[in-house]
Amino acid sequence: MSDPTFTIATSVDDALAALANGARPIAGGSDLFVGARQGKAPLPESIIAIDRLAELATIEATSAGTRIGAMVNHATLMTDPTVVADFTAIADAAALVGSPATRNVGTIGGNVMNGSPAMDTGAPLVVLGATAHLQSQNGSRNVTLDELWIGPSRTSAAPDELCIGLDIPARPERSGSAYVRLEYRRAMEIAVVGAAAHVALDDSGNLAEVSVALTAVAPTILAVDGLDSLVGQSVDDSTLASVAERASEVATPISDLRASDAYRRHTVGVMARRAVDAAARRAQGEQIAVPVNRALGIGASA
Amino acid sequence: MANATEQKPAPRFVRADGPDKVTGSGRYVADMSLTGMLHAKFRYAGVAHATIDKIDTSAAETIPGVVSVLTAADVPDVIYSPVVPDRRLFAQDVVRFEGEIIAAVAATTPEIAQQAVDAIVFEYTERPVVDDLEAAMAPDAPLVHEDWESYAVTGDTPRDRNVATFSSIAKGDADAGMAEADMVVKGRYVADGCHAAPIEPRGVLAQWEGTKVTIWTSTQVPFDARNGVCETLGLASNHVRIIVPHLGGGFGGKCGFHFEAHIAALARDARRPVKLVFSREEEFIAPDRRRESMIVDLETGLRSDGTIVARRGWVAVENGAYTADAAFFPQLAAMHVAGPYKMDNVKIDASLVYTNRQPSGSVRAPTAPQACWACESHTDELARALDMDPVEFRKKNAIDTGDTGAVGQVYDEIGMQECIEAATSAIDYGKDLPENEAIGVAIGWWPSFPGPSGAFVRLDADGLGQIVTGAQECGTGAVMTLRQLAADELGMDPEDFQIIYQDTGVGPYDTGATGSQTLLNNGRAVVDAAQQIAEQLRVHAAEQLEAAAGDIVLVDGAAHVAGSPDRSIPIPALAEVAAEGEQLLGKGSGTPPAYPDIPGMNCVGDQGVAAWAAPQFSCHAVHVRLDPDTGVTRVLNVSCAHDSGTIINPIAAHGQVEGGVMMGIGQALTEGTQYSDDGRQLNAALLEYKLQTFADLPTITTAFIQTPTTEAGPRGAKGLAEAPNVPTAAAIANGIAKLVGQPVRKLPMTAERVWEASQ
Ligand SMILES: Cc1cc2nc3c(=O)[nH]c(=O)nc-3n(C[C@H](O)[C@H](O)[C@H](O)COP(=O)(O)OP(=O)(O)OC[C@H]3O[C@@H](n4cnc5c(N)ncnc54)[C@H](O)[C@@H]3O)c2cc1C
């Protein structure tokens, strides 16, 4: 066994070269190191730190929308004016992550590339139609998140690919998004289940677009299909009931220490309904403060 | 009725250990390091119940850097434990829970020690796992201790097979009473075990000099730790010195003697200092101090006028694999399922049951939060059956000054009824609330534990004071309050005193940070010692001021002649004179307050907790909000009222109540140990064992009902560390039950359990 190496990248090229040589990137380390200490997987032999790459820590307008750099941390995501205004579900999610310390250390790139089905920014990114921008010495590509996540903690990114950022298309008119999560306590919690929704309304206030994705009820973040029939409907109790029912139906949760499968299946429907409700209200211009969990008392937590 | 006395203005002084703890300059065992120090690791059984076939340490011993490997063969064969001696330092023949130690290693680094531990070959044959309290009591149940009949037992307690101790409360005729009742209400309540979860995983560091050993350890009870080392390693008490640097919390989890002897034995064998520092997982699995799981069956006969005519109870308390200090738990649990109520006919049977799980031990108010939760959930069911408001029911049935309780003790001056009044009126009980909100109310009680304790106080030549005490600070602030007591006796400022404490080589005996007893007992000792110095000062001052010693008063740092404040002399001036001759040295212990008589008590298996000296009373009223779609409960507001006698240090007292409430919320909603079918803890980590966080903190208000109590601690103080932990979970349960329409019956009342109950 050779000695482990830890190198600090000073440029993206540096980082890509290290990856090509077999190094693993570390951003905040709040998954990688904590996981190693818990014995999930040993630390990689060679580690390249990307936390000083300022060019990956920006939120910038692009021709297609907005790019959130991989190194943007949760503390920034929950307060950044663009994210809060246009991609509110991401801010809702980031505001729930761990504790102030975790939010200042953990990054969106790390959250996405770690690929946990319980990751909080995942469902918001899915409903907002985000793609991951990956780059290696051989070039770059954008992949949909559906293609990226192939199983619990498994991604389709090649070992030498670095996530540069998440590309999110521009927000349609009269749209809104929200993320809600079931939590047993108000800090240092991991999603028992969660749901994100994106809603766009037509001129008469009916649904023009609706998408929902679920946290912690399948091997990866789960996009809910079969909601097309709701387009054109108003966001009323019966619509919300259909959302809840469909979410519970597509979920394939497991039983573990945090909850039974039956309870997860039930509550993920509740979360989906609440996410769509909050997203629709935001689309109508209602100001619901980030995170929705605190503003609306999700899980009795106001 | 008791009188609530006026509250004195809060004396404000910085607790001596505060700055160290909040700035990080404080040193804990894990921070210590000695020249040549080795690192220890334990090999745990990892299996809940098995016969040991083979323990082979030879491969471990050859690993470079490994200095000592010990098993049962390397230490004296001593069976220890208070009351029911049933365990050894290292497993012999049989392992009875997953965290049982089969070997210990000392090596040059913690990593090498771990490698060696992993290299130990442990072969075993599994035995049936006993993990169900009811099944364990069946006549044909497999035995956790096959040779239980051979164990020497102190005291008088019936035992039988897997029942380690048994206590009953019997008064009047429960059967006859039940027959007279207009209605009878029954209920079963099942509580999971849980953990103390102190922030500091424990550390132990041992160093020998010749035949004497010094052990730095995170214990709440230095003298117990010393006695355990002496007993198991065959050492004289004055050859073992226990020192506790700062202690990072304990909550009872660090009571008792734990791993000090293992580390001392390693250090002796290695001839080098050895240090052990637990991981968080070990802190969950290995100590014999976690809160016991419990099953409570209650049956109460009521008269239609709303009085209780009879109660029958059956309680099974989990002992775990070995008897730590849980021997008296059945009696304590029985007292709590009887509760602070008037009742003439009572029969409660309570058993301490062996299982193949981690041993139970005194965690903050042992047995009380679960038993109170059962009793008080049941009480609300009684009120519901009578169609009576539950607070009115309590006012009618709870004991008041002069009343007789379930065991026949007659209560002098107590503030039970005042607590109910204060807690419920402060939260405006009965006000209109939104649909998903309710206020649950519960009452509780808790004994005070008088006992021996000692302290020295001295004033040096410059008039500054030193308190030297055997007391231990576990975060309650009780030790810090000793400065105030000494200062008040001498007319000085608390800041004039330093404390030397938690060192068995220096301070006189004290029981330690256990049983809410520090202020009660060590406070008395410090007052006694300080009074001796006060007397010396008066004699010196009388000479100088040409007055009678009896006319001298000590106030504002000086000795005055009573009535002539200008005839005075500063204490430092007196101290300077005294330093030349007979020094200003006080040694105190005082006489512990007496235990009351209980005429007519008819208890079997008395473990000394049926008659309560200086009993403390409490009422918590909790405003909860329920998310009916998910079962998640949020605690919004907790209104507490406590009769713990005189409150000497209000800042510390409020801190105790607030901390106790937070611990109670955790036990109510999120904290419970989960086990696999083969007896292993599944959530031995802070991610899955969910403590409450500051983000969950509700509004907490506290009223102190300062009932004058004669047989108590200094100035009538009763102690306060455990009492606030008693009724919170019960009050939350009653709030939830109002919203769900029935009690949840399982503790913790997790979101999923609440949701299930409401289906
Ligand atoms: C106490 C605590 C609480 C937490 N609470 C939450 C929570 O509430 N919700 C939640 O979702 N998560 C939570 N987490 C998990 C973690 O903090 C988040 O997933 C965080 O966003 C991870 O980011 P990081 O920068 O720390 O990742 P790292 O640990 O640095 O990396 C994670 C993984 O992604 C890879 N990686 C990182 N950056 C890149 C990149 N740019 N390109 C390619 N691969 C990359 C790493 O190699 C590694 O495999 C918590 C963690 C802790 C310790």
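Predicted model: local features only at pLDDT ≥ 70, side-chain atom pairs only at ≥ 80, totals over all residues.

Colleague: How many bridges pair strand E2 with E4(B), and in which sense?

Modeller: Strand E2 covers residues 50-56 of chain B, and its pairing with E4(B) is antiparallel over 2 bridges.

Colleague: What sheet do they belong to, and in what order do its strands come?

Modeller: An open sheet of 3 strands in chain B, ordered E4-E2-E6, with antiparallel pairing. Strand E4 (94-95) and strand E6 (121-126) of chain B are at the edges. Each has a single partner strand, so one side of each has no neighbour in the sheet.

Colleague: What holds strands of a sheet together in general?

Modeller: Backbone hydrogen bonds pair them, either parallel or antiparallel.

Colleague: Staying in chain B, which residues of strand E23 are on the covered face and which on the uncovered one?

Modeller: E23 runs over residues 584-588 of chain B. Leu584(B), Gly586(B) and Gly588(B) make up the covered face. Leu585(B) and Lys587(B) are on the uncovered one.

Colleague: And which strand is joined to E23(B) by 5 bridges?

Modeller: Strand E17, residues 455-459 of chain B. The two run antiparallel. Lys587(B), from the uncovered face, stands opposite Phe456(B).

Colleague: What span should helix H10 of chain B have, and what does the model give?

Modeller: H10 covers residues 368-386. At 1.5 Å a residue, its 19 residues should span 27 Å. The end C-alpha atoms are 26 Å apart, which agrees.

Colleague: What follows H10(B)?

Modeller: Asp387(B), with a positive phi near 60 degrees.

Colleague: Next, Leu739(B). Where is it found?

Modeller: In helix H17 of chain B, residues 728-740. Leu739(B) counts as partly exposed because its relative accessibility is 24%, and buried would need under 20%.

Colleague: What does Leu739(B) touch, leaving out residues up to four places away in sequence?

Modeller: Glu435(B), Asn436(B), Glu437(B), Ala438(B), Val624(B) and Leu626(B). Its C-alpha atom is also 8.5 Å from that of Pro628(B), 111 residues apart along the chain.

Colleague: Over to chain A. What order do the strands take in its sheet of 5 strands?

Modeller: E4-E5-E10-E6-E7. The sheet is open and the pairing antiparallel. Strand E4 (59-62) and strand E7 (139-144) of chain A are the edge strands, each pairing on one side only. From one strand to the next, the twist averages 30 degrees.

Colleague: How many bridges pair E6 and E7(A)?

Modeller: 6, in the antiparallel sense, with E6 of chain A spanning residues 131-136. Thr131(A) stands opposite Thr144(A) in E7(A).

Colleague: Which strands does helix H1 of chain A lie across?

Modeller: E6 and strand E10 (162-169) of chain A. H1, residues 12-20, runs at about 120 degrees to E10(A).

Colleague: Which domains does the assignment give for chain A?

Modeller: Domain 1 (1-50) and domain 2 (175-293). Their C-alpha centres lie 35 Å apart.

Colleague: Last topic, the interface. How many residues does each chain put into the contact?

Modeller: Chain B gives 24 residues and chain A gives 24. About 2,100 Å² is buried between them, with 56% from carbon and sulfur atoms.

Key. Residues numbered from 1 in each chain as written. Chains lettered and ligands numbered in written order. Heavy atoms only, no water. Helix = DSSP H or I, 4+ residues; strand = E, 2+ residues; numbered from the N terminus. Expected span 1.5 Å × (residues − 1). Domains from an automatic or database assignment. Pairing = 2+ DSSP bridges. Axes fitted to C-alpha atoms, helices over the stretch in contact; angles between N-to-C directions. Contact = heavy atoms within 4.5 Å. Buried area = accessible area lost by both parts, 1.4 Å probe. Buried < 20%, exposed > 50% of the residue type's maximum accessible area, 1.4 Å probe, protein only.
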